[in-house]
Amino acid sequence: MTDTRWRGGALIRPGILAFAGSIGTTTSHAHHAVQVMTADTPLTVADGSRARHCGTQVVVPPDTAHHIETGAAHGVVVFLDPDSAAGRAAGHRAHRFGWAGGPPLPAPAAVDGDLGALVAAVVGALVPDSAPAPPARHRSVTAALALLPALVADGPVTTTDLAVRGGLSTSRLTHLFGAQVGLPLRRYVLWTRLMIAVTEVGAGRDLTTAAHAAGFADSAHLTRTCRDIFGLPPSALSRTVTWDTAPPG
């Protein structure tokens with residue numbers, strides 16, 4: 001993939017990576033995140049069988065070979081963790097309606113350039129309004145969220161250690177965290193590492209320094225992880241990235 005695709009603003013949160021700006025063509029690739037694209041003009045995305053999916057909104061399921069044949073001068077690309085509620089909903093949508101089908105998704109112009117608002121609108125369109133409101137967070141989940149940024153920078157994070165700190169069993173904390181945060185604990189830890197690494201690269205750090213700051217073994221580990229999840233190297237994620245450190249709602 002070429003970095004020219006990512007000209008514009010960017011936002012990263014646990015379970016979500018989003019870009020707004022020009023969407024260029026790409027070579028064939030696959031990644032674990034669900035990819036949701038909306039644009040002011042039609043996009044053309046070809047799958048591994050060379051079938052073309054055309055429209056102003058395209059959803060690519062996880063772990064699926066694809067390439068962008070026709071991009072757009074103004075659009076938004078949102079990567080969603082497939083284990084999150086929005087990611088599961090997006091994957092289901094692609095299978096049910098086809099990659100370019102389904103109910104309308106918010107267009108880039110709908111929120112006057114506010115990427116955070118557009119991401120929230122896209123997630124809201126994917127997840128039904130009838131979904132039950134999440135329960136109030138258990139104090140141990142809140143404590144784990146507060147501890148994780150510092151812990152992941154120090155190296156491996158074990159669920160057992162977090163559970164002991166929070167006064168819960170490992171299985172109980174794992175269940176509560178997934179239910180109340182919306183992302184499994186292990187995936188949340190991985191996204192936290194990526195958030196730290198991308199922020200470090202965006203601040204001008206080299207890949208080795210960024211990898212160590214985020215608790216990755218080395219730059220190769222960081223690069224491999226970024227490619228597996230987004231189909232991109234960390235360097236492509238460094239342009240105008242804003243790290244939202246607020247805990248998920």
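## Aromatic pairs, a hairpin and a pocket

A search of the whole structure finds three aromatic pairs. This is a predicted model, where local features need pLDDT of at least 70 and side-chain atom pairs count only at pLDDT 80 or more, while totals for chains, interfaces and linings use all residues. Residues are numbered from 1 along each chain as its sequence is written, and side-chain values use heavy atoms, with hydrogens and water left out.

Student: Is the pair of Phe177 and Tyr188 stacked or edge-to-face?

Tutor: Happy to take that one! Rings of Phe, Tyr and Trp (its six-membered ring) pair if their centres lie within 6.5 Å; planes under 30 degrees apart count as stacked, over 60 as edge-to-face and the rest as tilted. The centres of Phe177 and Tyr188 are 5.3 Å apart and their planes stand at 80°, so the pair is edge-to-face.

Student: Which helices does the pair of Phe177 and Tyr188 link?

Tutor: Helices (H or I, at least four residues) and strands (E, at least two) are DSSP runs, numbered from the N terminus. The two residues are eleven apart in the chain. Phe177 belongs to helix 5 (residues 170–181) and Tyr188 to helix 6 (residues 185–202).

Student: Is Tyr188 buried or exposed?

Tutor: Buried means under 20% relative accessible area, exposed over 50%, partly exposed in between (1.4 Å probe, protein chains only). Tyr188 has 8% relative accessibility, so Tyr188 counts as buried.

Student: In strand 4, what is the bridge partner of Val36?

Tutor: Two strands pair if DSSP finds at least two bridges between them. Strand 3 (residues 34–47) and strand 4 (residues 52–60) run antiparallel, joined by eight bridges. They form a hairpin with four residues between them, and Arg50 in the turn has a positive phi of about 70°. In strand 4, Val36 is bridged to Val59.

Student: Which helix gives the most to the lining of the second largest pocket?

Tutor: On a 1 Å grid over the protein atoms alone, a pocket is an open set of points where a 1.4 Å probe fits, with protein on both sides within 12 Å along at least five of seven lines; lining residues have an atom within 4 Å of a point. Helix 1 (85–97) and helix 2 (115–126) each supply at least two residues of this lining. With five residues, the most comes from helix 1.
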